[in-house]
Amino acid sequence: MEEEDDMVKEGLMASPREIFSISGPIHLTSIDCPSQQAVYILKYYFIIKVNFFGRNNSYHRTSVASCLVQAVYTLERDRQQNRIGLKSQAHHWWEFFNFTLAETLIDQSDGSIYGAVFQYKLFSYNYHNTPYSKTPPFHVIAFRGTIMKPHSRSRDLRLDLRCVRDSLHDSTRFVHAIEVIKTAVAKTGNAAVWLAGHSLGAAVALLAGKIMTRSGFPLECYLFNPPFSSIPIEKLVKSEKLKHGVRFAGSLVKAGVAIAVKGRHHHNKGQEDDSFMKLASWIPYLYVSPLDPICSEYIGYFNHRNKMFEIGAGKIERIATRNSLRSLLTGGGGGGGGSSCSDSTSEPLHLLPSAYMTINTSKSPDFKRAHGIHQWWDPMFNGEYVLHQFNQ
């Protein structure tokens with residue numbers, strides 16, 4: 001056993017977390033459909049696969065999206081360890097859900113696989129949404145997060161730093177990713193394309209989702225442990241009163257600075273608000289853990305907004321929630337600028353009007369588990385589900 005562990009550490013064999021039969025959601029055998037369809041499903045087995053996308057079973061759809069992200073991680077690890085043929089592990093993560101690998105996305109800087117386009121084998125344009133199911137995607141474009149191995153670590157960490165600096169949009173990886181997404185949407189339409197990502201990959205998917213929505217092509221988006229580029233108050237501060245006090249003071253400062261900035265640049269008035277409100281009807285799926293300092297502040301971001309409206313400070317929060325203090329002071333956020341990809345690409349990623357948030361309430365023994373992708377298909381998963389919608 002110790003010899004096997006040493007081989008895993010040295011990269012000579014796959015980690016159990018990369019092997020689908022060990023770590024994947026092989027328990028997914030239940031059918032998300034009304035009883036009157038049961039005979040039809042038993043007669044045509046492939047319909048079971050369609051029902052992974054049932055409207056009434058978000059757990060199935062979450063499992064599909066998160067496993068395809070894990071597939072990208074494993075594709076890169078297969079590449080790094082030169083696992084080919086029977087030794088490769090990645091294909092099991094998409095074949096279980098009846099997907100094929102349509103394209104691998106390669107980072108030009110280091111040659112690593114950072115994403116993939118998966119195509120659903122059983123897709124048909126004749127599908128129609130029903131009260132029990134929704135049209136499955138034709139393409140799922142998935143992005144991995146940081147891999148702390150020599151072949152990818154340096155490039156991934158530089159991109160992590162770009163997330164903190166709100167400059168991910170300028171990276172060659174993101175420019176390539178948004179081109180791939182636009183091509184897929186042009187071929188099949190936005191309703192047939194999903195985005196999914198974890199950690200750094202969630203940042204790529206979130207930024208791309210915002211750009212596509214502002215361009216009039218909203219995409220279904222699954223964001224696992226997305227980075228929040230601000231102090232993780234939710235994780236660091238234990239007292240709820242102190243949390244509210246810190247955030248209330250922050251909202252006052254942001255609202256005041258925003259009003260002052262708009263006063264000086266009155267010719268741009270309304271540009272930022274319009275950019276923010278273009279996202280209001282788009283509701284990405286956010287998956288966060290309160291024990292993960294990288295993403296936990298999303299919980300506080302949305303809860304604080306609700307609290308401000310409850311205490312009658314809604315006018316202040318309407319201004320504060322769509323602004324970043326750093327962006328206001330540097331002139332880089334909100335209404336414009338950034339890159340040719342789209343307006344507002346240099347704004348902080350966490351500025352979101354709406355989201356459907358899944359919060360993992362299970363205890364995690366360490367940061368690695370709290371930030372990991374595997375938690376989202378765990379059959380013992382316990383969570384809270386909250387819909388946040390922004391109202392003008």
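Begin with the largest cavity, whose volume is about 100 Å³. A cavity is a set of points on a 1 Å grid over the protein atoms alone where a 1.4 Å probe fits but cannot get out, and lining residues have an atom within 4 Å of a point. Volume here is the space filled by probe spheres set on the points, with grid points joined across faces, edges and corners. This is a predicted model, in which local features need pLDDT of at least 70 and side-chain atom pairs pLDDT 80 or more, while totals for chains, interfaces and linings use all residues. Residues are numbered from 1 along each chain as its sequence is written, and side-chain values use heavy atoms, leaving out hydrogens and water.

Select Ser58, Tyr59, Thr62, Tyr285, Tyr287, Tyr356, Thr358, Trp376, Phe381 and Tyr385 to see the lining of that cavity. Which element gives the most to it? Colour α5 (58-80): it supplies three residues. (Helices are DSSP runs of H or I with at least four residues, strands are E runs of at least two, and both are numbered from the N terminus.) The lining has seven nonpolar, three polar and no charged residues, where Ala, Val, Leu, Ile, Met, Phe, Trp, Tyr, Cys and Pro count as nonpolar, Asp, Glu, Lys and Arg as charged, and the others, Gly among them, as polar.

Next, centre on Tyr73, Thr146, Ile147, Met148 and Lys368, the closest to the centre of the largest pocket among its 33 lining residues. A pocket is an open set with protein on both sides within 12 Å along at least five of seven lines, and this one holds about 1000 Å³ of space. Its lining divides into 14 nonpolar, twelve polar and seven charged residues.

Now move to Phe228, Ser230, Ile233, Gly250 and Lys254, which lie nearest the centre of the second largest pocket. Its volume is about 570 Å³, and α11 gives the most to the lining, with five residues.

Last stop: show α8 (residues 172-188) and α9 (residues 200-214), whose axes come within 10 Å and cross at roughly 50 degrees. Axes are lines fitted to C-alpha atoms over the stretch in contact, with angles from 0 to 180 degrees between N-to-C directions.
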